[in-house]
Amino acid sequence: MFEAKEEFTYEVRYGFMRLGNVFVSSRDTVINGEQLLHSIAVIQSNSGIPLMGSRRYEYHSLLSRNDSTTWAHKFWVDNIHRGRFPEYGYTFDYERGEIIVVKHDAPTDTLDLPTRLDGGPALFYVGRQHAGTESEIDFPIFIDEEVAVVNIRNTLNRDRVRSAAHGNDMVDVYLSYGDASINGPFGFNGKFESRYDTSEWRIPIEARVSVWIGNVRVQLIDFQKNE
C-alpha cells in the first residue's frame with residue numbers, strides 16, 4: 001500500500017451539511033538517490049457555507065517507512081486560497097538531529113529533532129499498516145512547532161458500513177480508535193474512530209472525528225489505484 005499510486009476522495013459531513021472534501025494522493029519520487037513517497041492531502045471547504053467561503057490547503061510529506069512505522073523527511077503546507085507557497089513547513093534532518101522551520105519560503109528557526117516525525121499525513125499510512133491487528137501505538141507528529149503524540153488503538157473488531165466508493169454496498173471494516181490532544185486543521189481537537197476495509201490494502205473507508213462543532217464524518221466516495 002505504501003508504494004501504490006493511489007487517489008482517494010472523501011466527503012466531510014456534519015449531519016446533513018457537507019463541509020467540504022479531502023483528496024489524498026501519492027506518487028513515487030527520488031531525492032538524493034533515495035526513493036520516497038510524496039503524499040498529498042488536500043482539504044477543500046464547501047464554498048456555499050456561510051462565513052466560511054472557499055478555503056483550500058494542501059499538505060505535502062516526503063515519506064520513508066519500515067515494517068512498523070512511517071516518517072517524513074520534509075513536510076509543508078500550501079495555503080492556496082491566500083497564495084502562500086508554502087505557508088509553513090519543516091525539514092527533518094536526521095543526520096544533524098535538527099528540524100528546520102520555514103515560513104513563507106524563508107527559514108525562521110532550527111529546533112532539536114528528538115525522533116522520527118511528520119506533520120500529520122503519515123498517520124494515513126501508519127493507520128493502514130496496523131489496521132486489523134490488536135496493537136496500540138503512540139505516533140509522534142510535529143504540529144505548531146511542538147511534538148504531540150497521537151494514540152491509536154487497533155482492534156480485530158469488525159463492523160459493516162455502506163460505502164459510496166463501493167457502489168453504495170455494505171463493506172466489512174476493521175475498527176480503530178484514536179485520541180489526539182492537538183489542535184489540527186478545521187478544528188480537529190480530540191478523539192476519532194477509523195474504519196478500514198478488510199482487504200490487503202486496508203483502504204480507509206470512514207472516520208468519525210471530534211471537532212469544535214461536535215462530530216463529523218469523513219467518508220470515502222471514490223478510490224483509484226494506478227499501476
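Reader: In which strand is N79 found?

Author: N79 is found in strand β5. Keep in mind throughout that this is a predicted model.

Reader: Is N79 buried or exposed?

Author: The general idea is to look at the relative accessible area, where buried means under 20%. N79 has a relative accessible area of 0%, so N79 is buried.

Reader: Which residues does N79 touch?

Author: Leaving out residues up to four places away in sequence, N79 touches R56, Y57, R84 and E87. With E87 there is also a polar contact, side chain to side chain, of 2.9 Å.

Reader: What is the peptide bond from F85 to P86 like, cis or trans?

Author: Start with the general idea: most peptide bonds are trans. The bond from F85 to P86 is cis, with omega near -5°. P86 is found in strand β6.

Reader: Where is a positive phi found in a residue that is not a glycine?

Author: Again the general idea comes before the case: most residues other than glycine have a negative phi. N32 is not a glycine, yet its phi is positive, about 55°. N32 sits in the loop between β2 (17-31) and β3. With a relative accessible area of 81%, N32 is exposed, because exposed means over 50%. H104 is also not a glycine and has a positive phi, of about 50°. The place of H104 is the loop between β7 (98-103) and β8 (106-112).

Reader: Which residues touch the most other members of the largest nonpolar core?

Author: A core is read by asking which buried nonpolar residues join through their side chains. The largest nonpolar core has 48 residues, and Y10, F92 and I99 touch the most other members. Strand β9 (residues 136-143) gives the largest share of this core, 5 residues.

Reader: How many residues of helix α1 are buried?

Author: Helix α1 (residues 122-130) is mostly covered, with 7 of its 9 residues buried. The buried ones are A122, F124, Y125, V126, G127, R128 and H130. Just after α1, G132 takes a positive phi of about 80°.

Reader: Where does H166 lie?

Author: H166 lies in the loop between β10 (146-163) and β11 (169-180). Its relative accessibility is 30%, so H166 counts as partly exposed. The side chain of H166 makes a polar contact of 3.0 Å with the side chain of S163. Not counting residues up to four places away in sequence, H166 touches V171, D197 and I205.

Reader: How many residues apart in sequence are H166 and F223?

Author: H166 and F223 are 57 residues apart in sequence, while their C-alpha atoms are 8.9 Å apart in space.

How values were computed: Residues are numbered from 1 along each chain as its sequence is written. This is a predicted model: local features need pLDDT of at least 70, side-chain atom pairs count only at pLDDT 80 or more; totals for chains, interfaces and linings use all residues. Side-chain values use heavy atoms; hydrogens and water are left out. Helices (H or I, at least four residues) and strands (E, at least two) are DSSP runs, numbered from the N terminus. Buried means under 20% relative accessible area, exposed over 50%, partly exposed in between (1.4 Å probe, protein chains only). A polar contact is a pair of N or O atoms within 3.5 Å; within protein, one must be able to donate a hydrogen and the other to accept it, and residues adjacent in sequence count only if both atoms are side-chain atoms. Contact means heavy atoms within 4.5 Å. A nonpolar core is a set of buried Ala, Val, Leu, Ile, Met, Phe, Trp, Tyr and Cys residues joined through side-chain atoms within 4.5 Å.
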